[in-house]
Amino acid sequence: MHQERRTPGPIERERSSGDAMGPDPNAEATFVPHRYEPNYAYPLLVLLHRRGGDEQQLVDAMPTMSWRNYVGLGLRGPEALTRGGRPAGFDWGPAFRHPRRRPGPQWEEPEPSGLISRVMAGGPADPVDAIEDALFAGVRRTMRALHVHSERIFLVGIGEGAAVAYRIGLSHPDRFAGVVAINGWIPRGFRPLARWHECRSLRILALHGLWNARAPLQDARKDVAMLRNAGLRVGFRGYESARAITPMMLSDIDSWLIDQCTAPVD
């Protein structure tokens, strides 16, 4: 059962009754538009943080993008991280790390016993399945609580969260209107074009920092080229930044989302 926490202004937070700092598939933060109108069906942005972030990371950026246009649902990665023995945010798991990345000594990796506990508790053995289940459950909860347009649900992720957005969006293109990948990459270990015919209706926007050393620009360009060569409509924009989300990125995302929501149906 969820406990709801409200903060002043248009942001309301929902968290389960479990440990607020531990892994929790139901941990989420919800952005409610300013002057929310219950008779209007809002686009829903499912917000997926980078490694070391949490469910609030992209929710906190929503006012810079738009106070009024969208409902936002921030989700928390299932793996808690520590640094120097202290909590250091959350991660989505090894399946979504950049192919060039190797675990460094500054981060302590989650214990393998986590997978065993999930299986013993009757949960999905595959952590990717668990992430999908939590995401779809969060969307259903949000649609019950707020008026959301069922055909205007977008996945918006940064870093590892963008890899999650790519995988879930390309695996379920009939469930989403589009994917926004900020400093992201297509994760390995799955067939991104297995549902090629349905994916052609999925809109994708990739935004990348020109100086991003952890996820190099050339890798992002290769991912975009692969999708475009398969016939998908992918927008790509580069920015004079490294890994940070810039106001210009958020403004461009807002403009792109408005275009997708107002474009005539093919």
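**Close-up views of a predicted model**

**Figure 1. Packing of helix α3 against helix α4.** In this predicted model, helix α3 (residues 127-145) packs with helix α4 (residues 160-171) at an angle of about 80°, and their axes are 11 Å apart. Because an angle of 65 to 115 degrees counts as roughly perpendicular, α3 is described as roughly perpendicular to α4. The residues that meet are V128, I131, E132, L135 and F136 on the side of α3, and V164, R167, I168 and S171 on the side of α4. Sorted by class, this contact of α3 with α4 holds six nonpolar, one polar and two charged residues.

**Figure 2. Confidence along the chain.** The protein has a mean pLDDT of 87, and 80% of its residues reach 70 or more. Over residues 1-20 the pLDDT stays under 50, and for this stretch the model has 49 contacts beyond four places in sequence. Residues 105-110 also have a pLDDT below 50, with 20 contacts in the model beyond near neighbours in sequence.

Figure 3. Four aromatic pairs are found in a search of the whole structure. One of them joins Y40 and Y42: the ring centres are 4.7 Å apart and the planes stand at 90°, so this pair is edge-to-face. Y40 is partly exposed, with 39% relative accessibility, whereas Y42 is buried, its relative accessible area being 4%. Together with Y36, the residues Y40 and Y42 form one aromatic cluster.

**Figure 4. The aromatic pair of F154 and W256.** F154 and W256 form an edge-to-face aromatic pair, with 6.1 Å from centre to centre and 70° between the planes. F154 belongs to strand β8 (residues 148-158) and W256 to helix α7 (residues 247-262), so the pair ties together parts that are 102 residues apart in sequence. F154 counts as buried at 1% relative accessibility. W256 also counts as buried, at 8% relative accessibility.

**Figure 5. The surroundings of H147.** H147 is placed in the loop between α3 and β8. With 31% relative accessibility, H147 counts as partly exposed. Although H147 and A41 are 106 residues apart along the chain, their C-alpha atoms are separated by 5.1 Å. Leaving aside residues up to four places away in sequence, H147 touches Y36, P38, N39, Y40, A41 and Y42. Among these contacts of H147 are Y36, Y40 and Y42, the residues of the aromatic cluster.

**Figure 6. Positive phi at R35.** R35 is found in the loop between β3 (28-31) and β4 (42-48). The phi of R35 is near 55°, a positive value in a residue other than glycine. R35 is exposed, and its relative accessible area is 64%.

**Figure 7. Positive phi at N183.** The loop between β9 (178-182) and α5 (196-199) contains N183. Although N183 is not a glycine, it has a positive phi of about 50°.

Conventions. Residues are numbered from 1 along each chain as its sequence is written. This is a predicted model: local features need pLDDT of at least 70, side-chain atom pairs count only at pLDDT 80 or more; totals for chains, interfaces and linings use all residues. Side-chain values use heavy atoms; hydrogens and water are left out. Axes are lines fitted to C-alpha atoms, for helices over the stretch in contact, and angles run from 0 to 180 degrees between N-to-C directions. Helices (H or I, at least four residues) and strands (E, at least two) are DSSP runs, numbered from the N terminus. Angles under 35 degrees count as roughly parallel, over 145 as roughly antiparallel, 65 to 115 as roughly perpendicular and the rest as oblique. Contact means heavy atoms within 4.5 Å. Ala, Val, Leu, Ile, Met, Phe, Trp, Tyr, Cys and Pro count as nonpolar, Asp, Glu, Lys and Arg as charged, and the others, Gly among them, as polar. pLDDT is the predictor's confidence in each residue, from 0 to 100. Rings of Phe, Tyr and Trp (its six-membered ring) pair if their centres lie within 6.5 Å; planes under 30 degrees apart count as stacked, over 60 as edge-to-face and the rest as tilted. Buried means under 20% relative accessible area, exposed over 50%, partly exposed in between (1.4 Å probe, protein chains only).
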